[in-house]
Amino acid sequence: MRMSKLFVQTLREFPSDAEVISHKLLVRAGFIRKLTSGVYNYLPLMWRVLKKVENIVREEMDRACAQELLMPFVQPQELWEESGRWNAYGKELMRLTDRHGRGMCLGPTHEEIITSIARDGLKSYKQLPVNLYQIQSKFRDEVRPRFGLLRGREFIMKDAYSFATSQEELEKEYKNMWDTYTRIFKRCGLETKAVQSDSGAIGGSVSHEFMVITDTDAGENDVFYCDGCDYSANSNHAVSVLPETITIGDFLSPEIKDTPNTRSIEELCEFLKIQPSIIVKTLVYIVDKKPVLALIRGDKQVEETKLLNAVGGTDIRIATAGEIDEMMSVNGFDSERGFIGPNGLNEYNGYKVEIVADNSVKELKNFVVGINQKDKHGVGYNWNKEIDLPSNITDIRLVEAGEFCPQCGKPLKVTRGIEVGNIFQLGTKYSKPMNAVYTDVDGKTKPYIMGCYGIGISRTAAAAVEAHYDEHGIKWPLAIAPYHAIVIPVSTKDELQMKVAEDLYKTLLKHGVEVVIDDRDERAGVKFKDADLIGFPYIITVGKSITNGVVEFKIRESYTSSETTPEQAAESVITAVCNLGKI
Ligand code: ATP
Ligand code: MG
C-alpha cells in the first residue's frame with residue numbers, strides 16, 4: 001500500500017469526547033469515526049486490525065474443533081418468548097416491530113437462535129458433543145456507551161455455543177474453550193487473567209471472564225485476586241473471609257436512644273462512640289419497580305449484582321430520598337433517610353417490601369439499628385427479640401482488599417480489568433424451556449447440556465491499544481497490526497532514497513509482509529509522527545545515510561532504532577512475520 005493512497009486521516013488533537021487512551025488514539029490515528037452514540041465506522045486501518053483478530057479467533061476455534069456458521073442479526077420475538085428472556089432481558093435489548101406488527105429484536109447475543117438450530121438438527125446423542133460459533137455484529141442498547149470500542153452499542157463478537165449430553169462432557173468443552181481463549185489472547189499480544197464471574201443476563205451457574213489487567217479507567221471491572229493461590233474473581237462474584245472485628249455492642253439492654261442528626265454511619269458512630277461493625281445498616285433499593293431493603297454490617301458495602309441475584313429481576317438502583325420519604329409515610333412513619341430499619345416497612349408502590357440480609361449481620365449481638373423514627377435508633381437490639389431476622393440471608397457484600405482469600409486465607413488484593421472474553425456453563429437454561437432435546441443412548445429424550453463462549457472482537461482490539469501505547473501513539477502487536485511495516489523515504493526527491501525504498505517495499509511484499517511505503521511529498525517529521533501514531537511495528541527509514549549503504553530500523557514496541565543495511569532490515573521483518581502464530 002502507498003501512503004499517498006491509504007484512506008487515513010490522522011488528527012492533530014485527541015477527540016474531546018474521549019476519556020480513555022484506546023478511544024483517543026483510535027480516533028486520532030484515523031482508525032475509527034463515530035457515527036452516533038456507541039456506533040462506529042471501522043475505517044480501513046481498523047478493519048484490517050479487526051479482521052486479524054477475527055482470523056486468530058477463527059484459526060483457534062477451528063483448531064479446537066468448533067464449527068463456524070452465521071446467524072441473522074435480527075431475531076424474532078417468539079424465540080425470546082420461548083426462552084423467557086423477552087421480558088427478562090433489560091433495556092439493552094433493542095426491540096422493533098416489523099410492518100406486519102411482529103416483534104423483533106437486534107441480536108445482543110444468540111442463545112435462542114442457536115438453540116432453535118440445534119433442536120432442528122441435533123437429534124441423537126451420536127451427533128454430540130458439538131460446538132458452533134459465529135463472528136458477527138451485536139447490538140446492545142447500553143445505558144452508558146463510552147470508551148469508544150470498549151463499550152459500544154454495536155460491536156463485533158465471536159460467540160460460540162456447545163451442546164453436550166452430560167455435565168462431564170460440558171466441563172471438557174469448557175476446558176477446551178478456556179485453553180483456546182488463552183491461546184487467542186496470547187496471539188493477540190494480550191496477557192489475560194481468567195476470573196470467576198457472575199453469569200448476568202446470559203445465565204448458568206459457572207462462568208469465567210478473561211480480563212486484561214490494567215490500572216486505568218478503561219478497566220470497568222474490579223478483580224479481586226490472591227497471591228497465595230489461584231483465586232481471582234470479579235467483584236460481582238468475589239467472596240472473602242472477614243477479619244476478626246468487634247461484633248457485639250456494649251449496650252447490654254435494648255433501648256430507643258435519641259441520635260439527633262445522625263444520617264450517616266460516621267455521624268452515628270461519632271455520636272454513640274461506637275464501631276460501625278456493630279450497626280445493622282438498612283439500604284433501600286428499587287429492583288425493577290419493587291422495593292427491597294438490604295441489611296448489611298455498618299462497615300461494609302452492598303454489591304448490587306449479588307443483591308439483584310438474591311431477589312431476581314433485571315434492573316437495580318438505590319431509592320431516591322423522595323421514594324424513601326414516600327415509603328415511610330405509606331407505612332405510617334414520620335421519618336427519613338438515615339433512620340430506616342427493617343421493622344414495619346411492609347409495602348410500597350403496590351408491592352410487598354422484600355428484605356435481604358447479608359451474612360455479615362447474622363452474628364451481630366447488642367447491635368444498633370434504625371427503627372424508622374427520626375433522630376432515634378434502637379441500641380442493644382438482638383435478632384428475634386427486638387427485631388426479626390429476615391429469612392433471606394445470603395452474601396450481598398462487596399469484598400474489600402485486605403479481607404481474606406476464601407481458598408487459602410491470605411489477604412486479597414484488588415486490580416482493574418477489561419473483560420475481553422467470557423465463558424459460561426449454561427446447563428439446560430435454554431434447552432429446557434425451549435424444549436431442545438436429543439434422543440439419548442437409553443432411548444429417552446433429554447435437553448442438551450449447553451455452554452456458551454464469547455469474545456469481544458472489537459473490544460479486544462481496543463484493549464490491545466490500552467496495553468500497547470506510548471506518548472507517540474499506538475504500538476500494535478505484530479499479529480494484529482494493520483500493516484507489519486512502513487518504509488519511509490525521507491526525501492521523495494532523492495533518487496537513491498526512492499530507489500532503495502521502492503526496492504525494499506517490493507522485497508517485503510514479495511515475502512508476504514504487509515507493508516506501506518510513505519511516498520508522500522511531506523516533511524520527514526510529519527511522516528515519522530504519523531508512522532509512530534498509527535503504530536507500525538517496524539519502521540524502516542531510508543535517509544541520507546543510504547549513501548553509506550545503511551537505513552534506520554526502528555522497532556515501535558521498544559522505540560529503539562539501529563542502523564543496518566536494507567537487506568538486514570528486510571530480513572528481520574520477514575523473519576518476524578514468518579514466526580507469527582507460533583506460540
Ligand atoms: P460487560 O459486562 O462488559 O457489559 P457482558 O458480560 O455483558 O459485558 P458478554 O455477554 O459476556 O458481555 O459478551 C461477551 C463479550 O462481548 C464480552 O466479554 C466483551 O468482550 C464483549 N462485549 C460485551 N459488551 C460489549 C460492548 N458493549 N462493547 C464491546 N464489546 C462488548
Ligand atoms: Mg460477560
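Me: Where is Lys 126 placed?
Reply: In this predicted model, Lys 126 sits in the loop between α5 (111-121) and β7 (130-139).

Me: Is Lys 126 buried or exposed there?
Reply: Lys 126 is exposed, because its relative accessible area is 67% and the exposed class begins over 50%.

Me: How far apart are Lys 126 and Cys 405?
Reply: In sequence they are 279 residues apart, and in space the C-alpha atoms of Lys 126 and Cys 405 are 43 Å apart.

Me: Which residues does a cis peptide bond join?
Reply: The cis bond joins Leu 128 and Pro 129, with omega about 0 degrees. Pro 129 belongs to the loop between α5 and β7, and Lys 126 is placed in the loop between α5 and β7 too. As background, most peptide bonds are trans.

Me: Let us turn to the whole protein. How many helices and strands does it have?
Reply: There are 14 helices and 33 strands. The C-alpha trace spans about 95 × 65 × 50 Å along its principal axes. Of the 583 residues, 52% count as buried.

Me: What share of the contacts with a separation of 6 or more comes from residues 24 or more positions apart?
Reply: Such pairs account for 70% of those contacts.

Me: Now the ligands. Which protein atoms are donors to the magnesium ion?
Reply: The magnesium ion (ligand 2) has Glu 419 (OE) and Asn 422 (OD1) as its protein donors, at 2.1 to 2.3 Å.

Me: Is Asn 422 buried or exposed?
Reply: Asn 422 counts as buried, because its relative accessibility is 9%, and the buried class is under 20%.

Me: What surrounds ligand 1?
Reply: Ligand 1 is surrounded by 16 residues, and the closest are Arg 140, Glu 142, Arg 151, Gly 152 and Glu 419. Glu 419 is also a donor of the magnesium ion.

Me: Which distances are there between side chains and oxygen atoms of ligand 1?
Reply: A polar side-chain atom of Glu 419 is 2.6 Å from an oxygen atom of ligand 1. For Arg 140, a side-chain N or O atom lies 2.9 Å from a ligand oxygen. Arg 459 places a polar side-chain atom 3.0 Å from an oxygen atom of ligand 1.

Me: On to the strands. What is the order of the five-stranded open sheet?
Reply: The order is β30-β29-β31-β32-β33, with mixed pairing. At the edges are β30 (515-517) and β33 (560-564), each of which pairs on one side only. Neighbouring strands of the sheet are turned by 20 degrees against each other on average, direction ignored.

Me: Which helices pack on that sheet?
Reply: Helix α12 (residues 495-510) packs on the sheet and touches β29 (485-489), β30 and β31 (538-542), and its direction makes about 165 degrees with that of β30. Helix α14 (residues 566-578) also packs on the sheet, with β29, β31, β32 and β33 as the strands it touches, and its direction makes about 25 degrees with that of β32.

Me: How do β32 and β33 pair?
Reply: Strand β32 (residues 551-555) and β33 are antiparallel, with five bridges between them.

Me: What about β6: which way do its residues point?
Reply: From β6 (residues 103-106), Gly 103 and Cys 105 point one way, while Met 104 and Leu 106 point the other way, and all are buried. In general, side chains alternate between the two faces of the sheet in a regular strand.

Me: Which strands pair with β6?
Reply: Strand β4 (residues 74-76) pairs with β6 in the antiparallel sense over three bridges, and Val 74 stands opposite Leu 106. Strand β5 (residues 94-97) is antiparallel to β6 and joined to it by four bridges, with Arg 95 as the bridge partner of Cys 105. The hairpin of β5 and β6 has five residues between the strands, and Gly 101 takes a positive phi near 85 degrees there.

Me: Where is Cys 65, and what is its phi?
Reply: Cys 65 is in the loop between α2 and β3 (67-68), and has a positive phi of about 70 degrees although it is not a glycine.

Definitions and conventions: Residues are numbered from 1 along each chain as its sequence is written. Chains are lettered from A and ligands numbered from 1 in the order in which they are written. This is a predicted model: local features need pLDDT of at least 70, side-chain atom pairs count only at pLDDT 80 or more; totals for chains, interfaces and linings use all residues. Side-chain values use heavy atoms; hydrogens and water are left out. Donors are N, O and S atoms within 2.8 Å of the metal (3.2 Å for Na, K and Ca); water is not among the atoms, so sites may look incomplete. Buried means under 20% relative accessible area, exposed over 50%, partly exposed in between (1.4 Å probe, protein chains only). Two strands pair if DSSP finds at least two bridges between them. Helices (H or I, at least four residues) and strands (E, at least two) are DSSP runs, numbered from the N terminus. Axes are lines fitted to C-alpha atoms, for helices over the stretch in contact, and angles run from 0 to 180 degrees between N-to-C directions. Contact means heavy atoms within 4.5 Å. A residue is near a molecule or strand if one of its heavy atoms lies within 4 Å of it. A polar contact is a pair of N or O atoms within 3.5 Å; within protein, one must be able to donate a hydrogen and the other to accept it, and residues adjacent in sequence count only if both atoms are side-chain atoms.
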